[in-house]
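The sequence and structure come first.

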Amino acid sequence: MPALSPKSVLEGRSTNRAPVSLIIGLVVSGVCLLLALASYFAMDPGAPGNVVIGMLLALPTAIVLVALILLIDRLEPEPRLNLLVAFGWGAGVALLGALIVNTLGESVLAVVLGPEPATVLTVSVIAPVVEESFKGALLLFLLLVRRNEIDGPTDGIVYAGLCGLGFALVENVLYYMQGLASVPGEIWGTVLIRGVVAPLGHPMYTAMTGLGIAYAATHRGVGRVFAPILGWCAAVFLHALWNGGSVLFGFGGLVLAYLIEAAVLLALVIVLVRDRRRLVHLIGRYLPSYIPSGLVAPNDIQMLGTMRGRRQARNWARHQAGAVGAQAMGDYQLAATELALLHAQAERRTIDPQRFFARRGQIVTLMGMAREAFFRRMPQPKPAPWARNQQSGFFTVPQQLNDMPTHKLRIPPQPPQPPQPPQPPGRPGPWR
């Protein structure tokens with residue numbers, strides 16, 4: 001069995017290979033994105049350059065907001081492939097699926113009700129239901145297949161936000177194309193509304209579903225069944241409020257919808273801040289159990305609890321041991337965070353004991369090997385600034401972890417098994 005890389009351990013994988021399901025999702029998303037852009041060219045064959053111009057106008061907003069979401073995700077960052085799939089799903093599968101269903105739905109309604117009522121009903125009711133369903137499907141997939149990677153509300157908001165941003169990016173291209181093809185000057189009003197005044201619409205709507213999915217992933221009981229449904233209903237309501245307010249009530253309805261959704265956005269910010277504090281609290285609650293082992297020290301816990309302290313430690317490690325030292329320190333920090341989250345899962349009984357102890361062993365091994373990699377590069381480092389010349393778990397050889405009072409979980413007795421030939425342990429691979 002090949003040694004697991006630090007990245008594989010941090011992402012909770014049993015192999016160094018990327019999950020096939022995510023690769024398939026990325027490929028499907030890319031194909032759907034190409035089909036969606038091809039349909040845009042077909043809509044405006046006389047001015048194909050409008051698609052390119054629309055993309056150039058839509059990209060700045062998307063880049064800024066993606067950077068904002070990645071900034072939110074710094075303390076316990078999600079796997080990059082997962083984030084890429086989330087963005088690609090919104091830009092490809094969700095966008096193309098919604099485009100097809102919305103167009104067909106409006107065509108059928110136009111035959112029954114007439115063109116104008118069909119447009120109003122499609123924009124106000126059908127589009128919110130269809131679009132939030134396609135975007136929410138990605139979050140449901142993560143809940144069913146990659147559940148252990150959703151550790152709280154921040155993760156749900158991050159995945160939902162990136163999916164919504166992917167959708168908004170490609171949808172904005174269509175609206176900007178329409179603005180370019182209409183009366184001169186209208187394009188700038190469209191860019192102002194969609195790119196500056198209300199760029200967080202789709203990410204915020206889908207974040208409601210993300211919160212429901214996050215609750216289902218981190219709780220037990222009946223509530224986890226209804227939470228995703230309630231989150232989806234909230235997403236549809238906010239989406240319909242924005243679309244219907246502008247279509248049915250004009251500027252006044254748009255202002256009312258904007259104020260309500262601004263309040264929702266403020267609530268999401270509060271949720272993110274509280275979840276950041278929760279994670280810091282988990283580090284302070286569970287990691288002290290590892291102090292007797294020498295794996296961490298009290299000063300390390302303080303360092304791990306702030307972004308400033310983590311950045312200071314990585315910069316120090318880079319000055320002491322170069323890129324290898326910085327990478328080792330980064331892996332040590334992320335592994336410590338994952339260790340705290342693992343104990344939180346165990347306390348909530350959302351992880352079985354066998355998986356808890358197996359993953360704990362992997363994480364502890366990774367923390368030790370990160371320290372060894374640093375020592376190989378810098379055998380006698382200068383005192384660490386966060387340790388104040390005192391002991392730090394990053395430099396102290398740990399004692400055995402067998403008798404540590406880490407958690408009350410115990411593996412149930414197993415029936416006797418026939419003797420097996422010895423297998424090499426799956427340890428994290430060396431730093432290079």
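In what order do the elements of the protein run from the N terminus on? They run α-α-α-α-α-α-α-α-α-α-α-α.

## Model and fold

This is a predicted model, in which local features need pLDDT of at least 70, side-chain atom pairs count only at pLDDT 80 or more, and totals for chains, interfaces and linings use all residues. Residues are numbered from 1 along each chain as its sequence is written, and side-chain values use heavy atoms, with hydrogens and water left out.

The protein has 12 helices and zero strands. Both kinds of element are DSSP runs, numbered from the N terminus: helices are H or I with at least four residues, strands are E with at least two. Of the 432 residues in the protein, 49% are buried. Buried means under 20% relative accessible area, exposed means over 50%, and partly exposed lies in between, with a 1.4 Å probe and protein chains only.

## Aromatic pairs

There are three aromatic pairs in the structure. Rings of Phe, Tyr and Trp (its six-membered ring) pair if their centres lie within 6.5 Å; planes under 30 degrees apart count as stacked, over 60 as edge-to-face and the rest as tilted. One of the pairs joins Trp-242 and Tyr-258; this pair is tilted, at 6.3 Å centre to centre and 50° between the planes. Trp-242 is buried, with 15% relative accessible area, while Tyr-258 is partly exposed at 36%.

Another pair is formed by Phe-356 and Phe-357, whose ring centres are 5.0 Å apart; the planes are at 75°, so this pair is edge-to-face. Phe-356 is buried, with a relative accessible area of 0%. Phe-357 is partly exposed at 21%.

## Charges over rings

A charge sits over a ring if NZ of Lys or CZ of Arg is within 6 Å of the ring centre and within 35 degrees of the ring normal. Lys-135 has its charged end over the ring of Phe-167, 5.2 Å from the centre. Arg-194 lies over the face of Tyr-175, with 3.9 Å to the ring centre.

## Cysteines

A disulfide is a pair of cysteine sulfur atoms within 2.5 Å, and by this rule the count is zero. Cys-32 is buried, at 14% relative accessible area, and Cys-163 is buried at 0%.

## Cavity and pocket

On a 1 Å grid over the protein atoms alone, a cavity is a set of points where a 1.4 Å probe fits but cannot get out, and a pocket is an open set with protein on both sides within 12 Å along at least five of seven lines; lining residues have an atom within 4 Å of a point. Grid points are joined across faces, edges and corners, and a volume is the space filled by probe spheres set on the points. The whole structure has one cavity of 30 Å³ or more. The largest cavity has a volume of about 40 Å³, and its lining includes Arg-147, Asp-151 and Arg-348. Helix H8 (201-218) and helix H11 (307-348) are the elements that give two or more residues to this lining.

The second largest pocket holds about 1,000 Å³ of space. It is lined by 42 residues, and those closest to its centre are Glu-131, Glu-171, Tyr-175, Arg-194 and Asn-243. The largest share of this lining, 10 residues, comes from H6.
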